[in-house]
Structures are given as C-alpha cells and as structure tokens.
Amino acid sequence: MDELIKDRSSWKAWFDSQELVVSPREVTWYERSLWEDVVMPILANGQKVTTSMLMPYIEKLRQGVPLAYVCGRIYFFGLPFQVEPGVLIPRPETEELVAWILEDHPAGKLSLLDIGSGSGVIPVTL
C-alpha cells in the first residue's frame with residue numbers, strides 16, 4: 001500500500017518498517033541522510049512524497065550500494081559534495097589528512113596540485 005510521507009515522524013515510521021540488514025548505528029545514519037538529502041528537498045518544493053517514490057532508494061541500500069551514491073551526496077569537512085557511481089567516495093582518513101595540512105599551514109599560502117587522485121574534495125576543501 002502506497003503511503004504519503006508528510007513529515008519526519010511518518011518518514012521515520014515507514015523507514016523503520018523497511019528492515020534493512022545493517023547495524024543500529026547505520027540505520028540511524030541512513031534514515032537521517034535519506035531524510036535530509038532525498039525526502040526534505042521534495043517536500044520543500046511543495047511536492048508530495050509517497051512510499052513508492054522512495055522504494056528505489058531502499059532497494060539500492062538492500063543491494064549494497066553505498067549510502068553516498070544512494071543519496072547523491074556526502075559531507076566532507078562539513079561541506080556537501082555531490083557523488084555518483086564513478087566518483088570516489090572520500091574516506092574519513094582523507095579528512096584527517098586535510099586537517100593535518102590545515103594545522104601545518106594555518107594562515108599561510110598553500111600551493112597544491114591534485115590531478116586524478118579522486119573526487120577533488122581535497123583541493124576544494126583546502
């Protein structure tokens with residue numbers, strides 16, 4: 001039965017009923033990310049959101065597609081970046097690398113060259 005998602009509580013109730021086989025921590029992360037990156041933008045445009053519209057996202061998660069690809073976005077150093085299959089998803093260790101660089105060069109000039117090393121989040125963030 002197709003249900004209408006009207007707000008966060010109806011979204012959460014429906015999402016929780018989907019029984020994804022992931023850890024409780026991941027379920028919370030998945031629910032919040034899909035709410036913010038998929039459901040809220042549709043609602044903000046004044047459109048209706050139905051559960052049948054959301055099933056493709058759930059099916060991708062069940063197939064093991066990374067959450068970043070399902071949502072189309074990942075946050076790196078607090079900044080949103082669009083990602084899709086074919087774009088490397090930045091790893092948490094890469095955020096540490098950026099933090100180290102910023103610690104070593106707090107206000108000074110920084111020259112860098114990044115060619116073909118991934119998604120481009122390092123030079124954009126720096």
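Mentor: Helix 2 gives four residues to the lining of the second largest pocket, the most of any contributor, where a helix is a DSSP run of H or I with at least four residues, a strand is a run of E with at least two, and both are numbered from the N terminus. The model is predicted, so local features need pLDDT of at least 70 and side-chain atom pairs pLDDT 80 or more, while totals for chains, interfaces and linings use all residues. Residues are numbered from 1 along each chain as its sequence is written, and side-chain values use heavy atoms, leaving out hydrogens and water.

A pocket is an open set of points on a 1 Å grid over the protein atoms alone, where a 1.4 Å probe fits and protein lies on both sides within 12 Å along at least five of seven lines, and its lining residues have an atom within 4 Å of a point. The second largest pocket is lined by Arg25, Glu26, Trp29, Tyr30 and Leu67.

Helix 2 also provides six residues, the largest share, to the lining of the largest pocket, which has 18 lining residues, with Trp29, Ala68, Ile74, Ile89 and Pro90 nearest its centre. Helix 4 (67-71), strand 3 (73-76) and helix 5 (92-104) each supply at least two residues of that lining as well.

Within helix 2 (residues 24-44) sits Ser33, which counts as buried because its relative accessibility is 8%, buried meaning under 20% relative accessible area with a 1.4 Å probe and protein chains only. Leaving aside residues up to four places away in sequence, Ser33 touches Val38, Leu67 and Cys71, a contact being heavy atoms within 4.5 Å.

Key. Buried < 20%, exposed > 50% of the residue type's maximum accessible area, 1.4 Å probe, protein only.
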